[in-house]
Structure formats: C-alpha cells, structure tokens
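Let us walk through this structure step by step. We begin with a pair of helices, then turn to the chain as a whole, and end with a strand and its partners.

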Amino acid sequence: MPCDEVLVLIDDSGRVVEWKDAAENRFGWPAEQVVGRSVTTFLRQLATADEWQREVRAGTAGLLVRPVGDGASLLWHVCESQSAAAGHDLAVLQSLLTRSSLRMHILDDRLRVVSTSTEAGEFRPSAEGMPFTELYGFAGPEDETAVAHGVIEDGRAVMNRLVWSTTSPDRQMRRLHLVSYFRLEDGQGHVMGVVATAADVTAREYARALLDRVRTEVGHRLSVTDVCREFVQALVPDFAEAVDVEVVEGVVLGGEPPFAPVTGDVLLRRVAIEGSALEQPVGDVHASTPATPTSRVLSDLQPRLISGHEPWLTTRVRSDTDGPLRARSVIVAPLELHGQVLGLVSFYRHHLDDPFSEDDLALAMAMCGHAALCVNNARQYMREWIIASTVQRRLLPQRSAEQPTLETDVLHLPGSQGEGAWFDVIALPSERTALVVGDVAGQGIASAVTMGLLRTAIHTLMALDLQPDELLARLSDTAARLANERAALPSEDSLQREPLTATCTIAVYDPIDLTLTIASAGPAKPVVVCPDGMSINVTVPEGPSLTARDISPYPVTTVHLAADSIFAMGEPAIADAVLAAAARLRTLLEGAGVRQLADLRAEIARGLSDQNRAAMVLLARTKSLAEERVMTLALPDGPEAAPMARAASRRQLEVWGVDEEIGYATELIVSELVGNAVRYGAPPLCLRLIYDQMLTCEVSDTSPGAPRVMHARSSDETGRGLFIVASLTDQWGIRYRPQGKIVWAQQQRGRPTPPV
C-alpha cells in the first residue's frame, strides 16, 4: 500500500521512538513532548480536541499505519498518504495498543509463527514454525488462511474478525477470538509476512449475549411480579445458579419508589426466585436487616461481591444436609432508577471453581439497570390500572335493582388494562326492567370515566320511559358530544389521538306481557335458554355504534319468553367465547334452564380463566307477574268512563287489601287520568292497575298528544288534573307506543299485602 512520507515510528510496546518534523507540523506537538511516551495519550488528546484543532491537525491527507519488522522485532510506521483507504488507521492502532488481552504474532509469508508478543510487549520465539491457525485451533482454518493470504497480496488490513477456536492455547475449552491481520514489510517495502493479532473475547461476547437476552426477554409483561420472574428465568443457569428479586412493597402496588438511602422501616417483598438452595419463599415480606450487604446496597446503591463465608448468608441460603452453605459466591445489586430504589437482586453461585468476578459485578449492574427500567414501567402501569379499575368498580352498580319478576346475576372479570365495560339493571314503571350491557373501547382511566358518563346518561334517559331504540338514539347524541370534546383536546394530549368508540345493548323485560324488547348499538348475540334447557340465539340487527356518523335508526327486536327462561347477553368481546352458536363455552348454557344463576356464572368464569381480557356477561331469569296482581278494564270514550273506572278501581283495591287512605288517593288519580283521556285522547281507552312493589295506574289511548302539568290560577276552573296527580304520586310519566300512548302514575307503598 503506498506510503508517501513516514511521520512517526512506534515500537511494539506502543511508545513513540521517532517524531519527525512533518509530524510536528501535522499534529502541533514538538518531538521533545512526544518521544518516549505512549502514543495512546496523544491519540486520546487528538480525539477530544475541538473541531478547529482537529481540522488543522488532520489536514487533507489520510494516515496509514503499517507494521514493519525483521521477524524478531516490530515497528509501526505512521505515514501520510493520499490513498482512499487511509483515514481510520489511527483508531485501529489505538485499539491494538490499548487492548490488554491482545497478543500479536509475526507470521512469515506461509503463515507460520515466527515470534509472539509477551505480556510486557516484547517479541520472543513461541510455537515457532507452527501454522497460526493450528496455534489457536480455529474452527475454520481454511477461511482464516484465505483471509491472511489476501492481506499479503493486496496489503489491505482485515480487522476484528470473530473466530471460534475448538481449542485455546492452553487446551482447556472452546473460545471466541477477535482476530486482525496486517501485512508486514521491511524498511524497503518488501513483503515479509503478516502481523496477526488475537484477543480472547469469549467473556465479552458472553456478557453481550447475556445482556441482549435480558433486553429481549424481560419487560414483555405489565406486572411487576411477572417482569421479575422473566428476569430470573433469563439468568438461571447461564449467569447464576440461583437468583432472587426483592422489591419494595409499595412498588409492587404501583406506589412511588423511595429515594436512597432506604431506611430499615421500608418493607421488601420477595417476588421472584429461580434456582435451588434459597431459604425464603416467594411472597415473603420483611424489612432489611441493619449492617448487612442488603442494607448497605439499599443505602449507597453500590453492588456487593460477597464470599460464601459471610454470616449473613445463613439467613438466606440452605446448607447441604451435612455440610456447609451451598452458596460460595454472591452478588447483591440494587434495582434503582434515577436514585429511586425499586428493590435489589441477589445472584448465587455454588461452585468454588467459578466464583463471581469484578467483570461479573459490572455485568450484573448492567442487567439490573434494564430490569429496573422494566419494573418501573410495570409499576407505572400498575398504578394506572389500579386507579382505572377502582374508578370502573365504583362507577358500576353496587347493587342490582331487586325485581320480583326478574332474577339477575353478573359475571364481571376485570381485564389487565382497565377496560370500560359496564352493565346496569334498572327498574322501570309498570314492573318492567331494563337490562343494559355496554363497552367503551380503549384502556385506562379515560375509558372508565367515559363509561361512567354514558352510564349516568342512560339513567337520566331511562326516567323519560323511552323505548330501547329511542334511548339509544339519544345516548348516541351524548356519545357524539363526548367524542367531539375529545377531538378538540390539544394535540399534545394523547387522548386526542384515541377516537371514542362505544357499543351498548338495551333489553326491556315486561313481566305482564312476557316480552323482551331489544335494541343494540353495535354487535349483539343474546341467548335465551328455555325452561326445558334448549338454548336459542336471538337475532338482533346490528345498529351503528354510539359514536358513528351513521344516522340510521336502531332496529328493535321483540321476543316472547316463557316464565323461568334465562336470558344472557354480554359485551361484544365476550360474545364469541360464550354466546355465539359455535362458541367453545356455549355448552355451559345448554340445559341451564333450572340451574341457579350463581352456579352458571361460576362455571362461565372458570371457562374464561385462561384469557387475559375483561369479560362482562349479564344473566337474567324471567318470572311472570301473577294475574291477580293486574286489573285491566276497557273504557268508553264518554263521560261515563270516569265513574266506571273509579268503581272498578275501588272494588279491586278492596280485593288487594289496600287501606282506605291509599284507596281514596288512587280513585282520585284514576279519575283525573281517565278524564284527561276522554277529553284530549282518542279511543279506544283502557285502564290498568298493577299492584306489586308499587301501585301503578295506567290509562292508554291512541292519541299521540302528550299531556302536561299546568299551574292553574285560583280563578281557573280547569288545568289542575295532572298537578293533582303529580302531588299524590311518587312518579308519573308518559310512555309512547306505536299506536298512541300510556299515561301512568305510581305510588311507593312497600310490598303488597296478600290478596283477600
């Protein structure tokens, strides 16, 4: 390779033996400051020089470094050259001269060893005449021979080849070497052979592979305990024969880790153990014992390398049956991040011939650094999950509405990420019951809070006594407003980039007509299990999701149920696992007609135990309202309707055993409702009294016009009817039907007395 001018001569120990004027002009240092000193000192200064100095010293030409020798000694020539291959050789030279484990070999043109460098940097005959590939027992000797011959032919150095050797020079074990080749020339430029360097990097590559494994295998789970379990499994048995991880108790629960130094009143929980001979079990909670390696590590965050003679080990490691402690070498390292203590890790080796070294101590700290980052991520997730789960749990109904005509049970398996699924069982007028199952897409606190807002909106809309499809239409308007508010958040808010999507299914059960009216925003696959055990899928047309821009109406499905039927519905994510005709758990619903809902819910929960997601299934067993609890009377559309209705009501209330005061109020309510229907409604008219948990009066007609409460003046002769009704009842309202409406009023009077 061309070398225009020699600037520096360096001996085989790395010291400058000649510094020419051209070198002083090039680098700026005079010869008296350089000769006799190690060249690596100046290379480091050159690497850290400011940009202007480096520009001046580097010039426009590259630098070539080539070995020159006579077979017994070696000099490194640093030359100035315009070759395109020049420019990186100074860094190469620095790497060679500063690598303590590197050995240099002078080879002849047939790649036989002429001499080998000693630890002091001197060249002496060693394995003289042996082929270089045999000296190290390279696994691919032909490849190395070809590479070395290529260096001799074209003069281009080959650096940093990773080569496995089947036997090392001491013939003990398989090793990995970093090998480089340089063409060797004499002072006249004649090719003499090759300078080959070999550094044993087995330990370095082993450490790199182990660290890569930790980085690859640790941190996939979102639980502090699971992350620690991944960590110990990645290290045993390749790095240690046993590993245990202790985490600050508050960190396991998502709390903020304390800053060092950690005092003795901070509790540690042992969350993961891998390997044998460890004394304490997983789950053990304890305080750090003062004046022990663990307390010192938690105090100064510096790792400790401990021999097997440390008395502290007797409390942590079991001994052999009749012998001393099995642990011979121990590393205790902190799990810390930015000065905050997450816990500590203890590594154990049991064999005397392979104790931990200082290199192992540095590797343990590097691995613990990654583990600490993963543990902290899991801790932050755990904290948000706890908050989201708490919000969701508090926003869900704490107690279902007790209806004698409907028995309900709910399976709610919280997911690992705090989803927004919810359910509701809401009592409606006329002894009807609304069953609601919904789901807000997404995870965390935002989904739980949105779920709470939608659930509150549903309760508000239920007071209007709307049909399921009308209720979903108004709920969709509310969800759309929430979606618009989310989209209007600042762009830096991560929630702004998450579109709001929600589904909801509403079913209203009428125990008098034994009907179930269902509408769904999103997919729904409800199932009815008949009293004889036969299960039937109810076909419910899928309506648009709550936040969809589709303005199509929500389809309504009405099915007739026999008493003692079981109705099951769930959020869409669980439908395919339980409710669909081909679902793997569908068989649990077959033949469930006479079983207790609690037993059915428990079996479904066991069947879903292998999944890591939220599950919401609402189960309901229907019952009919006894015929003697309902009175129905068709009325004429003339003035005789009110007296007829009062007389029939009086007789029925006497049969039910209603006291005189309630009976008088009920007659007045009936009279006012019937009078309004006669005056403002359209025939046919009908009166219905329902006496169960509440006493309900209903008057229906076919007119769509809605009555309203008027506040009459003292001189007005009309307009007081509904005002009187509102004053005497707990609640009143209007329920629209496809043909007309029902005006109802109900009084809360406790449980009904047995009929006379």
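**A helix pair, the chain and a covered strand**

In this predicted model, helix 12 (residues 445–462) and helix 13 (residues 468–487) have axes that come within 10 Å and cross at roughly 145 degrees. The crossing of helix 12 past helix 13 is right-handed. On the helix 12 side, the contact uses Ala446, Thr450, Leu453, Leu454, Ala457, Ile458, Leu461 and Met462. Helix 13 meets them with Leu471, Arg474, Leu475, Thr478, Ala479, Leu482 and Arg486. Sorted by class, this contact has 11 nonpolar, 2 polar and 2 charged residues.

Now take the whole chain. It holds 18 helices and 31 strands. Of its 756 residues, 50% are buried. The chain exposes about 35400 Å², and carbon and sulfur atoms supply 51% of that area. Among contacts between residues at least 6 apart in sequence, 62% join residues at least 24 apart.

Next, strand 29 (residues 694–701). How many of its residues are buried? The count is 8 of the 8, so strand 29 is largely enclosed by the rest of the structure. In a regular strand, side chains alternate between the two faces of the sheet. Here Met694, Thr696, Glu698 and Ser700 lie on one side, and Leu695, Cys697, Val699 and Asp701 on the other; both faces are covered.

Which strands pair with strand 29? Strand 28 (residues 685–691) runs antiparallel to strand 29 and is joined to it by 6 bridges. The two form a hairpin with 2 residues between them. Strand 31 (residues 741–748) is also antiparallel to strand 29, with 8 bridges.

Terms used. Residues are numbered from 1 along each chain as its sequence is written. This is a predicted model: local features need pLDDT of at least 70, side-chain atom pairs count only at pLDDT 80 or more; totals for chains, interfaces and linings use all residues. Side-chain values use heavy atoms; hydrogens and water are left out. Axes are lines fitted to C-alpha atoms, for helices over the stretch in contact, and angles run from 0 to 180 degrees between N-to-C directions. Helices (H or I, at least four residues) and strands (E, at least two) are DSSP runs, numbered from the N terminus. A crossing is left-handed if the near helix is turned anticlockwise from the far one by less than a right angle, and right-handed if clockwise. Contact means heavy atoms within 4.5 Å. Ala, Val, Leu, Ile, Met, Phe, Trp, Tyr, Cys and Pro count as nonpolar, Asp, Glu, Lys and Arg as charged, and the others, Gly among them, as polar. Buried means under 20% relative accessible area, exposed over 50%, partly exposed in between (1.4 Å probe, protein chains only). Accessible areas come from the Shrake-Rupley method with a 1.4 Å probe; for residues, only the protein chains shown count as cover. Two strands pair if DSSP finds at least two bridges between them.
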